[in-house]
Number of protein chains: 2
Amino acid sequence: MPRSGADLALLLLGGFRVLADQATNELSARGYEDVRPVHDFALRAILSGADSASELGRRLSVTKQAAAKTIALLEERSYVAREPDATDGRRIRLRVTDHGLALLQEGEAIFDELHAQWQSRVGATALAQVEETLRELVGPSAIKLDAPGWSVRDL
Amino acid sequence: MPRSGADLALLLLGGFRVLADQATNELSARGYEDVRPVHDFALRAILSGADSASELGRRLSVTKQAAAKTIALLEERSYVAREPDATDGRRIRLRVTDHGLALLQEGEAIFDELHAQWQSRVGATALAQVEETLRELVGPSAIKLDAPGWSVRDL
DNA sequence: CTCAGATAGACAACCTTGTTGTCGAACAAT
DNA sequence: ATTGTTCGACAACAAGGTTGTCTATCTGAG
């Protein structure tokens, strides 16, 4: 088996996909059939203050148009509501509905369960080391990933 | 910051994206402006025996149509050549060109450099533990590289 | 040898998640 | 009041995936 540097990238992607796929399946099994982790993350961003399309776009490092599409989908499925802003005629404020809050709770529970499963497979210590190392490696960079045309040589 | 189970998924995705983005930038800087890691991985699969569209699709866990699109792109950029099979009139065999081989070499070198950078940041031992743990968790069934279209820069 | 079934690849239509570019309406500030 | 910025909307498009359908070709059972 080739131990090339690319293996690490594949392992990271594979790990994410395993978690995301299982979470999606679990959400589907619990009645949230047309939702994926990306929607969960968008809801969390809205809940934590990104209550307009433009702001959500900035928060997720995508264009406001892309954010608006996600919002349209979330609204169509009743996870968020859009209400005109009384003090700013341009803005349409976003509010996470009860349905959306329930989804967030469910998603968090599922990720916690998956986390616990992984702990039981490789041990809490090993998994904590993985998290700690990754946090050190990607934590600072992930925050800096704000620009869409991101070009950095992070040495 | 909540240490929820979802953090692990974000760390894995973030790690992949950091590596993939840097690799893409480096490839671009070295003259391969029109490729991304997914093309590198596809080339590698072709080189290791997936020398037809259908087989490549199976190898990458995507439909043969999706594989054909990737192949069309790789052919357009002269990384692979398509040649009719003498013994099977249906098949069109894939061959990685010299240009493709050069890209593969460059890609491998870049990933190795990134790997070395990470080693120097957190230590070879810690990074090896990350790889070992992930390999155990993700297993051999991990070579599915579809669209990393997830934009999940949460906080 | 023949013919039913499997396989390879092509084509078309569509989905998803992004991107630019443009626009009118509403705000802000000089 | 005019100029500039921001918000949200609309349109066009790209990349990468999906189904579904089609022809040509191979293969194996009778």
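This briefing covers the fold of chain A, the pairing of chains A and B, and a few local features. The model is predicted. Chain A holds six helices and two strands, and it can be laid on chain B with an RMSD of 0.2 Å. The contact between the chains takes 50 residues from chain A and 48 residues from chain B.

**Fold of chain A**

- Read from the N terminus, the order of elements in chain A is α-α-α-α-β-β-α-α.
- Of the 155 residues in chain A, 37% are buried.
- Among contacts in chain A with a separation of 6 or more, 44% join residues 24 or more positions apart.

**Packing of H1 and H5 in chain A**

- Helix H1 of chain A spans residues 5–29 and helix H5 of chain A spans residues 98–122; their axes come within 10 Å and cross at roughly 130°.
- Angles from 65 to 115 degrees count as roughly perpendicular and those over 145 as roughly antiparallel, and H1(A) and H5(A) are therefore oblique to each other.
- The crossing of H1(A) and H5(A) is right-handed.
- On the H1(A) side the contact is made by A:Leu19, A:Gln22, A:Ala23, A:Glu26 and A:Leu27. On the H5(A) side it is made by A:Glu106, A:Gly107, A:Ile110, A:Phe111 and A:Leu114.
- By class, the residues of this contact between H1(A) and H5(A) are six nonpolar, two polar and two charged.

**Pairing of chains A and B**

- A turn of 179° with a shift of 0.1 Å along the axis brings chain A onto chain B. That is the relation of a two-fold axis.
- Of the interface residues of chain A, 78% are also interface residues in chain B, so the copies meet through the same surface.
- The contact draws 50 residues from chain A and 48 residues from chain B. On the side of chain A that touches chain B, at least two residues each come from H1, helix H2 (37–47), H5 and helix H6 (124–144) of chain A.
- H1(A) gives the most to that side of chain A, with 15 residues.
- The side of chain A that touches chain B comprises 31 nonpolar, ten polar and nine charged residues.

**Helix H2 of chain B**

- Helix H2 of chain B, residues 37–47, is mostly covered, with nine of its eleven residues buried.
- The buried residues in H2(B) are B:Pro37, B:His39, B:Asp40, B:Phe41, B:Ala42, B:Leu43, B:Arg44, B:Ala45 and B:Ile46.

**Two sites in chain A**

- A:Ile92 is found in strand S2 of chain A, which covers residues 92–96. A:Ile92 counts as partly exposed because it has 15 C-beta neighbours inside 10 Å.
- Setting aside neighbours within four places in sequence, A:Ile92 is in contact with A:Ser52, A:Arg82, A:Glu83, A:Pro84 and A:Asp85.
- A:Ile92 and A:Thr24 are 68 residues apart in sequence, and their C-alpha atoms are 29 Å apart in space.
- A:Ser48 lies in the loop between H2 and helix H3 (53–60) of chain A. With 11 other C-beta atoms within 10 Å, A:Ser48 is exposed.
- A:Ser48 and A:Thr70 are 22 residues apart along the chain, and their C-alpha atoms are separated by 17 Å.

Conventions. Residues are numbered from 1 along each chain as its sequence is written. Chains are lettered from A and ligands numbered from 1 in the order in which they are written. This is a predicted model: local features need pLDDT of at least 70, side-chain atom pairs count only at pLDDT 80 or more; totals for chains, interfaces and linings use all residues. Axes are lines fitted to C-alpha atoms, for helices over the stretch in contact, and angles run from 0 to 180 degrees between N-to-C directions. Helices (H or I, at least four residues) and strands (E, at least two) are DSSP runs, numbered from the N terminus. Angles under 35 degrees count as roughly parallel, over 145 as roughly antiparallel, 65 to 115 as roughly perpendicular and the rest as oblique. A crossing is left-handed if the near helix is turned anticlockwise from the far one by less than a right angle, and right-handed if clockwise. Two residues are in contact if their C-beta atoms, placed from the backbone, lie within 7 Å. Ala, Val, Leu, Ile, Met, Phe, Trp, Tyr, Cys and Pro count as nonpolar, Asp, Glu, Lys and Arg as charged, and the others, Gly among them, as polar. A residue is buried if 20 or more other C-beta atoms lie within 10 Å of its own, exposed if 12 or fewer, and partly exposed in between; C-beta atoms are placed from the backbone. Copies are superposed by least squares on the C-alpha atoms of residues with pLDDT of at least 70 in both.
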